[in-house]
Each structure stands twice: as structure tokens, then as C-alpha cells.
Amino acid sequence: AKDFDARLLLNLDYQVPMTLSALLTETVGEDIRFDRLLDLGCGTGLSGVDFNEFTDDMHGVDLSEKMLEKAEARKIYTELTADSLHGYLDRDGPLFDAFVAADVFVYVGKLEQVFSGVAARAMQGAHFLFSVESTDSEELELRRTGRYAHPDAYIRELAAANGFTVVRRETKPLRLDYREPVMGDYYLMVKD
């Protein structure tokens with residue numbers, strides 16, 4: 001947790017939070033505001049820095065308490081919770097009108113439970129922004145890096161099954177791996 005941000009930003013040219021934020025403002029407009037936003041897998045709060053401008057009530061959830069200590073130090077979250085994505089989403093709690101998952105699903109694999117959990121905690125019209133590693137495969141792919149890549153067809157099936165409309169998808173770099181860009185798909189969805 002101590003040098004996590006520096007490694008991501010300086011060594012790996014990490015682009016995910018900035019790209020998701022730009023995707024939102026380019027698609028919806030810079031004046032968009034949310035009543036309550038949930039940062040899924042918030043880590044040290046890097047994505048929170050980019051999404052803080054869109055809400056006065058941002059919540060974060062992450063498994064690592066050390067990472068959450070770094071996020072707490074940023075003073076941008078209303079509430080931080082140490083829990084898994086499934087654990088947090090599957091219990092009773094507040095509804096949200098925005099969800100952000102910046103470079104999180106690469107560690108999760110199958111996303112059925114995450115999508116159903118987000119749908120259950122989403123207000124009508126809620127925005128769901130996230131990234132996945134791109135793949136030409138038709139199947140969920142576990143790569144040599146230990147990260148998962150998710151096909152577009154799979155993501156679209158999950159969206160439809162859980163009442164989300166894909167508003168926009170862009171393919172851009174997520175980060176560098178051995179000085180080569182790792183391509184990702186960035187999604188903006190809205191709850192029907």
C-alpha cells in the first residue's frame with residue numbers, strides 16, 4: 001500500500017480513473033452530479049480523486065485495510081468499508097446512482113454476482129462505469145499475469161440480464177506491462 005500509487009502512475013503509466021472520468025464527461029457532460037457514488041475496489045482512492053468532483057457523497061469498498069488507510073487520508077470519502085465486492089453488494093444498504101470499478105474486474109473473473117449486486121443497489125438511471133482487459137476470445141480468459149480479460153459479448157449479456165443499457169464502450173490502454181500497453185475496454189452503462 002505504501003508505494004502502490006507511485007508504482008501505478010510512474011512505472012505503469014496507469015490511465016484507468018482518468019479515462020473513465022473523461023468517458024463520463026464526454027458522454028454525459030461536465031455538469032453531471034450524483035447523489036451517492038460507490039467506488040468498487042477503491043484501493044488507495046486513486047479513482048476517488050478523479051470522481052470526487054461528481055458527488056458530495058462518495059463511498060468506497062476494498063478488501064485491503066492498508067489500502068483503505070491511504071484512501072482515508074485523502075479525505076474525499078463519506079464512508080470506507082473493508083469487505084469484498086460481493087459481501088458489500090449482497091447485503092442491505094443504501095442505493096447509489098453511480099458505480100465506478102477502475103481496473104478491478106481483472107481480479108474478479110466471473111462477474112455475474114457483481115452485476116446482480118450492482119443492479120440490486122442501483123437507483124433507476126444509475127451510471128455504471130468500469131474497465132476490463134480486452135480480449136478477442138469469446139470466453140473469459142485468465143492470462144499469464146493472473147488477470148482476467150472479459151469479452152465484449154459477455155459484458156453485454158450481463159448488462160442486458162441485469163437491466164443496464166451500454167451507452168458507450170471505448171478501447172484504450174489501461175497500463176503498461178513490460179513497456180507494452182495493455183489494452184482495455186472502458187464501459188459506461190445506465191440502469192433502465
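Which residue in strand 9 does His127 stand opposite?

Analyst: His127 stands opposite Val190 in strand 9. Before going further, note that this is a predicted model, where local features need pLDDT of at least 70, side-chain atom pairs count only at pLDDT 80 or more, and totals for chains, interfaces and linings use all residues. Residues are numbered from 1 along each chain as its sequence is written, and side-chain values use heavy atoms, with hydrogens and water left out.

Start with the words "helix" and "strand". Both are DSSP runs, numbered from the N terminus: helices are H or I with at least four residues, strands are E with at least two.

Strand 5 (122-133) and strand 9 (180-191) pair in the antiparallel sense, over seven bridges. Two strands pair if DSSP finds at least two bridges between them. Strand 9 also pairs with strand 8, again in the antiparallel sense, over 12 bridges. One of the partners there is Pro173, which bridges to Met183 in strand 9.

How covered is strand 9? Mostly: nine of its 12 residues are buried. Buried means under 20% relative accessible area, exposed means over 50%, and partly exposed lies in between (1.4 Å probe, protein chains only).

Next, the core. A nonpolar core is a set of buried Ala, Val, Leu, Ile, Met, Phe, Trp, Tyr and Cys residues joined through side-chain atoms within 4.5 Å. The largest one here has 28 residues. Leu40, Phe99, Phe105, Phe128, Phe130 and Met189 touch the most other members. Strand 9 supplies at least two residues of this core, and so does each of strand 1 (37-40), helix 5 (85-89), strand 4 (96-101), helix 6 (112-120), strand 5 and helix 7. Strand 5 gives the most, with five residues.

Look closely at Phe130. Contact means heavy atoms within 4.5 Å. Leave aside the neighbours within four places in sequence, and Phe130 is in contact with Asp185, Tyr186, Tyr187 and Met189, as well as Leu20, Ala101, Phe105, Phe115 and Ile155.

Several of those names are aromatic, so turn to the rings. Rings of Phe, Tyr and Trp (its six-membered ring) pair if their centres lie within 6.5 Å; planes under 30 degrees apart count as stacked, over 60 as edge-to-face and the rest as tilted. The whole structure holds 11 aromatic pairs. Take Phe115 and Phe164. Their centres are 6.4 Å apart and their planes stand at 90°, an edge-to-face pair. Phe115 sits in helix 6 and Phe164 in strand 8, 49 residues apart, and the pair links these distant parts of the chain. Phe115 is buried, at 0% relative accessible area. Phe164 counts as buried too, at 4%.

Back to strand 9. The rings of Phe130 and Tyr187 have centres 5.1 Å apart and planes at 20°, so this pair is stacked. Phe130 lies in strand 5 and Tyr187 in strand 9, so the pair ties together parts that are 57 residues apart in sequence. Both residues are buried. The two pairs belong to one aromatic cluster, made of Phe96, Phe99, Phe105, Phe115, Phe128, Phe130, Phe164 and Tyr187.

One more residue is worth a look. Asn162 lies in the loop between helix 7 (152-161) and strand 8 (164-177). Beyond the neighbours within four places in sequence, Asn162 is in contact with Phe115, Ser116, Ala119 and Lys191. Asn162 counts as buried because its relative accessible area is 15%. The Asn162 side chain reaches the backbone oxygen of Leu158 at 2.8 Å. This is a polar contact: a pair of N or O atoms within 3.5 Å, where, within protein, one must be able to donate a hydrogen and the other to accept it, and residues adjacent in sequence count only if both atoms are side-chain atoms.

Here is the picture in brief. Strand 9 pairs with strand 5 and with strand 8. Strand 9 is mostly covered. The stacked rings of Phe130 and Tyr187 join strand 5 to strand 9.
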